Amino acid sequence: MRRLVIRPGAIGDTILAFPAMEHLRADYTEVWVRSEVAPLVTFADRVRALSTTGIYMIEIDPPAPVISALASFDEIWSWYGTGNPEFRAAVRQFPFRFLDALPGDGGEHAADFFAGQTGAPRPARPRIPIVAPEVHGAQVLHPYSGGARKNWPFECFVELARRSKFEWAHERYENLADLAEWLAGASVYVGNDSGITHLAAAVGIPVVALFGPTDPAIWAPRGDRIRVLHQQPIETIRVKSVERAIAEVLAKPAGS
């Protein structure tokens, strides 16, 4: 069985879909994802950046290599093109199974929603098997996300950093694989609702996640030592509350 898995989307959305994607492993498994995420996919025989495949041109002028590639698979599970009738018509000769790229409003966690699409076990917990080359024990802050409304005020991060010995994750951001290795050696991570927060949770370190407008029941990171602080507007989360949450996750034993 040769199986292709196509997963577009943001870093966090893709990490939350990892259990579902890994469940689809076959005799030969190929995965097409965003280029940033590709180094994190360890469960496939081959990983390709979506931007290099030519799939974006299929409805317009399909390149011969992408047509040949799609024809080589027995099954294609795709979160790409589900809501695009032109794309679906252009690939109707290939063995596509289309999946909804985002969960609905039913309150089910995104990782479980994606897992249910492929028959993967639930509750689903994304894991990225990274061995830290150095256990440096840094306390890490990442003050960014994909939207300004999801960001705890930067001055609050600065105040938190002044009160404790923190390092800034963006200073280590060369690529996601390097960042994942560095995060795996950290003692704790604090960040907004972002892909990097999901990355930190997936490598298994304690995480404090700060949520405002998005629903943590659907989008919270998953792991053994996760603490979510959710207030709307996010500016109302106090620095002292974050400090207490840090103490809580650090006191929780690994694997509990």
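**A walk through the predicted fold**

Among contacts (heavy atoms within 4.5 Å) in the protein chain between residues at least 6 apart in sequence, 56% join residues at least 24 apart. Before going further, please note that this is a predicted model, in which local features need pLDDT of at least 70 and side-chain atom pairs count only at pLDDT 80 or more, while totals for chains, interfaces and linings use all residues. Residues are numbered from 1 along each chain as its sequence is written, and side-chain values use heavy atoms, with hydrogens and water left out.

Let's begin with the overall build. The protein chain holds 10 helices and 10 strands; these are DSSP runs numbered from the N terminus, with helices being H or I of at least four residues and strands E of at least two. The C-alpha trace spans about 60 × 40 × 30 Å along its principal axes. Of the 256 residues, 51% are buried, where buried means under 20% relative accessible area, exposed over 50%, and partly exposed in between, using a 1.4 Å probe and protein chains only.

Now turn to the open sheet of five strands, whose order is β7-β6-β8-β9-β10 with parallel pairing. Its edges are β7 (166-168) and β10 (226-230), each of which pairs on one side only. Two strands count as paired if DSSP finds at least two bridges between them. On average, neighbouring strands here are turned by 20° against each other, direction ignored; axes are lines fitted to C-alpha atoms, for helices over the stretch in contact, and angles run from 0 to 180 degrees between N-to-C directions. To find the join between β6 (residues 139-142) and β7, look for three bridges between these parallel strands. Q139 has F166 in β7 as its bridge partner.

Finally, have a look at helix α3 (residues 64-71), whose buried residues are V66, A69 and L70. Seen down the axis of α3, these fall within an arc of 95°, so they line one face of the helix; the arc is that of the directions from the helix axis to the C-beta atoms. A64 and A71, on the other side of α3, are exposed. The cover over the buried residues of α3 includes β1 (2-7), β2 (28-33), β3 (46-49), β4 (75-78) and β5 (96-98).
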